[in-house]
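Here are my notes for your first look at this model. Keep the structure open while you read, and check each point against it.

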Amino acid sequence: MANKRKLKKAIDWMTEELMLGCAMAGQAIKESSSEDVARLMEKVLHLQGDLRCRISHPEPGMKQKAYFKALRESINKELEGILEELRELK
């Protein structure tokens, strides 16, 4: 398991890349409404805060290895969902 600081930095990097992708999609796709892009960006920011909080405060009683494995799976699932929404804007 990586330390919490590295995990938080990785999450910050991933969410920054998603925000950049959203901004670029908003500029490149003229027929998409700015409300959809803004909603997607808000979702990314909420995800970043939620994940950072979940890293800082693991569930009590759960083994760390199992918790962070489940967290990693959750991160992948949520990021895939956001990327799919971003693809649908086209």
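1. Start with C53. This cysteine is partly exposed, because its relative accessible area is 42%, a value that falls between the 20% limit for buried and the 50% limit for exposed. C53 sits in helix α2. Now find K8. C53 and K8 are 45 residues apart in sequence, yet their C-alpha atoms are 9.5 Å apart in space. Please keep in mind that this is a predicted model.

2. Next, look at the overall fold. The protein chain has 3 helices and 0 strands. Read along the sequence, the pattern is α-α-α. The C-alpha atoms fill a box of roughly 50 × 20 × 15 Å along the principal axes.

3. Trace helix α1, residues 4–28. It has 25 residues. From first C-alpha to last it reaches 36 Å, close to the 36 Å expected at 1.5 Å a residue.

4. Which residues of α1 are buried? They are I11, D12, T15, L18, M19, C22 and A25.

5. Take T15 as a worked case. T15 belongs to helix α1. Is T15 buried or exposed? It is buried, because its relative accessible area is 3% and the cut-off for buried is under 20%. Leaving out residues up to four places away in sequence, T15 touches V44 and Q48.

6. Compare that with W13, which is also found in helix α1. W13 is exposed, because its relative accessible area is 53% and exposed means over 50%. Q48 comes up again here. W13 and Q48 are 35 residues apart in sequence, and 9.9 Å apart in space from C-alpha to C-alpha.

7. Move on to α3. This helix has 25 residues. Its span from first C-alpha to last is 36 Å, close to the 36 Å expected at 1.5 Å a residue. Its buried residues are Y67, F68, L71, S74, I75, L79, I82, E85 and L86. What do they pack against? The buried residues of α3 pack against α1 and α2.

8. The structure holds 1 aromatic pair. The ring centres of Y67 and F68 lie 5.3 Å apart and the ring planes meet at 80°, so this pair is edge-to-face. Both Y67 and F68 are buried.

9. Step back to the contacts of the whole chain. Count contacts between residues at least 6 apart in sequence: 75% of them join residues at least 24 apart. T15 gives a local example to inspect, with its contacts to V44 and Q48.

10. Now the surface. How many of the 90 residues count as buried, as a percentage? The figure is 29%. The accessible surface of the chain comes to about 6,500 Å². Carbon and sulfur atoms account for 55% of that surface.

11. Last, the charges. The protein chain has 17 positive and 15 negative side chains. The centres of the two sets lie 11 Å apart.

Terms used
Residues are numbered from 1 along each chain as its sequence is written. This is a predicted model: local features need pLDDT of at least 70, side-chain atom pairs count only at pLDDT 80 or more; totals for chains, interfaces and linings use all residues. Side-chain values use heavy atoms; hydrogens and water are left out. Helices (H or I, at least four residues) and strands (E, at least two) are DSSP runs, numbered from the N terminus. The expected span of a helix is 1.5 Å times one less than its number of residues. Buried means under 20% relative accessible area, exposed over 50%, partly exposed in between (1.4 Å probe, protein chains only). Contact means heavy atoms within 4.5 Å. Accessible areas come from the Shrake-Rupley method with a 1.4 Å probe; for residues, only the protein chains shown count as cover. Lys and Arg count as positive and Asp and Glu as negative; His and the chain ends are not counted. The place of a charge is taken as NZ of Lys, CZ of Arg, CG of Asp or CD of Glu. Rings of Phe, Tyr and Trp (its six-membered ring) pair if their centres lie within 6.5 Å; planes under 30 degrees apart count as stacked, over 60 as edge-to-face and the rest as tilted.
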